[in-house]
Amino acid sequence: MSSLIDSPAWQALQTHFDVVSDLHVRDLFEVDPKRFEEFSVQINDFLFDYSKHRVTEETMLRLFDLARQADVTGWIERMFQGEKINHTEQRAVLHVALRNRGEQAMKLDGKDVMPEVRKVRAQMRDLSEAVRTRKWRGYTGQPITAVVNIGVGGSDLGPVMATEALRPYAIHDLGIHFVSNVDENHISDTLERLKPETTLFILVSKSFTTQDTLVNANTARDWFLKTAEDEAALASHFVAVTDNVEAATLFGVSADNVFKMWDWVGGRYSLWSAVGLSTAIAVGMDQFEDMLQGAWEMDEHFKTAPLEKNIPVIMGLLGIWYNNFFQAHTHAVLPYDEHLRYLPDYLRQADMESNGKSMDRNGEGVDYSTGPVIFGQLGITGQHAFYQLMHQGTELIPADIIAPVSSYYCIQAHHRLLMSNVFAQAEAFMKGKTEQEARAELEADGYVGEELEKLLPYKIFPGNKPTSTILFNTLTPRTLGSLIAMYEHKIFVQGIIWNINSYDQWGVELGKQLAKNILPELEGDAAVTSHDSSTNGLISYYKQQRSIRDR
């Protein structure tokens, strides 16, 4: 048994779980009328309600003991101080420096990184304003009317999510497009709507060697040069976000238009850097900096709030409670705001790439569950799709329900109906429907006798399905920043308790390495025998069918 499972705090939680695991939250509310006040936290315009969880006061005390045992507070300090807590890559984890709004230094190896961060931020402001005001001109002298972000993973999901979330703040005659899939259809479908002379490409790759991104970038380059014909024109239509300035300039990007990336920023935490340039162009640098402000405010809360009132800490501990004690290995993110439609996708990568690990910090295999499967969808859509399983299926799926108190336009008939579903679903997950309630409902509908008894079992809902409800006033840039940072820190807390490194992603590399080996094997007609029989057979079938088509 591992040191974590064998630890005093874990064992105390296991003993406690054996006592309370069958408690129903409906009963807890009946016993404690003030449960909402006791199990909710408010900061700024955020309300985090976790009163509908299967926890008691003692549960939370024991979970906080687990956090103290893992020295969560100490690890928070180490991250913000720039220690190289990503030990397998010997890197600091300083994405928090990207949104630092205070005057304090943030040091790496004794050097303050903030002057360089502010320099890139100013560079972002200059370019984004030039494009938005139409001062940036293409090679024919026409203004830019379309921006295409080419990246993959965090270089795509973050900007996609944030740009859509802040859509009401965007210039709507400036098209912002995103290409991530190496499948030719993604870039072909995007480019067919655009004109080379009015399009600006943002190439996002820390190393400028990411194969998927470079294939798409070269396709964009070829498409552009078919019209422009002069490679000198590339400088007016391509910018890059990378740590490899030399490779970007060889591609044709002007050195003045290369935006710095740093190895202390993981891709899935890079939205706050120049990776967010497409978002800054879409909504303006003032709004982008408001997003940074919101994230910084959540950073300050995370650093200074006691564990008992610390929202990311509580979120992380609740996840541990279900994942490791209830054996609930799936978690749903359910936003009730159309503009947060890509938030579940973004958080899926942030969480699963961070905590999807089976080796602890000591290089030993874990004997406990780590990162859960994250999934989700817009709440209203999900209600007519997978909520059935959540309500009456055999799986326990904790969920976060996220909603704005008012929307940007806030048409009353729409928004009140939306919010009625928010509150109703959270209540339904918690309360369920007892046999007595179902019977009374059927009788009221005119069912009697055998007909009633046959239908009755299908109308019973067990309830006791845990949800957190996260409310905020309106989805503004500042709110969005706080929301994302909140989840980042929740992921961090869970990684610390599981004693894993949340900031490397070696599992992502294996497929890339194998793809590089296979790519040259796809040329020609020679038989491939270097793999297992299945892979050899699949490659042979592909080459055979391709040759038939090419005849």
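A residue is taken as buried when its relative accessible area is under 20%, as exposed when this value is over 50%, and as partly exposed in between. In the structure considered here, which is a predicted model, Arg221 has a relative accessible area of 15% and is therefore buried. The side chain of Arg221 meets that of Glu231 in a salt bridge, with a distance of 3.4 Å from N to O. Because Arg221 lies in helix α9 and Glu231 in the loop between α9 and β8 (238-242), the pair ties together parts that are 10 residues apart in sequence.

Side chains of opposite charge can pair when their charged atoms come close. Across the whole structure, a search finds 31 salt bridges, and one of them joins Glu437 to Arg26, with the closest N and O atoms 3.1 Å apart. This pair links distant parts of the chain, since Glu437 belongs to helix α18 (residues 435-444) and Arg26 to helix α2 (residues 25-31), 411 residues apart. Glu437, at a relative accessible area of 33%, is partly exposed, whereas Arg26, at 15%, counts as buried. A further salt bridge is formed by Glu338 and Arg341, whose closest N and O atoms are 3.0 Å apart; here Glu338 is partly exposed at 45% relative accessibility, and Arg341 is likewise partly exposed at 34%. Elsewhere, salt bridges that share partners join Arg101, Arg125, Glu129, Asp286 and Glu289 into one network.

Helix α7 (residues 154-165) contains 12 residues and reaches 16 Å from its first C-alpha to its last, which is close to the 16 Å expected at 1.5 Å a residue. Of these 12 residues, 11 are buried, so the helix is largely enclosed by the rest of the structure; the buried residues include Gly154, Pro159, Met161 and Glu164. In helix α8 (residues 184-191), the buried residues are Ile187, Thr190 and Leu191. When α8 is viewed down its axis, these buried residues fall within an arc of 90°, and they therefore line one face of the helix. The elements that cover them include the strands β5 (146-150), β6 (175-179) and β7 (199-204), together with helix α9 (211-228).

Two loop residues were considered in turn. Asn464 is found in the loop between α19 (449-455) and β13 (467-472), and its relative accessibility of 8% places it among buried residues. The side chain of Asn464 reaches the backbone oxygen of Leu23 at 2.9 Å. When neighbours within four places in sequence are left aside, the contacts of Asn464 are Leu23, His24, Val25, Arg54, Leu396, Phe429 and Met430.

Thr56, in turn, lies in the loop between β2 (46-49) and α4 (57-69), and at 18% relative accessibility it counts as buried, the cut-off being under 20%. Leaving aside neighbours within four places in sequence, Thr56 is in contact with His16, Leu23, Leu28 and Phe39. The C-alpha atoms of Thr56 and Arg35, which are 21 residues apart along the chain, are separated by 9.4 Å.

Methods:
Residues are numbered from 1 along each chain as its sequence is written. This is a predicted model: local features need pLDDT of at least 70, side-chain atom pairs count only at pLDDT 80 or more; totals for chains, interfaces and linings use all residues. Side-chain values use heavy atoms; hydrogens and water are left out. Buried means under 20% relative accessible area, exposed over 50%, partly exposed in between (1.4 Å probe, protein chains only). Helices (H or I, at least four residues) and strands (E, at least two) are DSSP runs, numbered from the N terminus. The arc is that of the directions from the helix axis to the C-beta atoms. Contact means heavy atoms within 4.5 Å. A polar contact is a pair of N or O atoms within 3.5 Å; within protein, one must be able to donate a hydrogen and the other to accept it, and residues adjacent in sequence count only if both atoms are side-chain atoms. The expected span of a helix is 1.5 Å times one less than its number of residues. A salt bridge is a side-chain nitrogen of Lys or Arg within 4 Å of a carboxyl oxygen of Asp or Glu.
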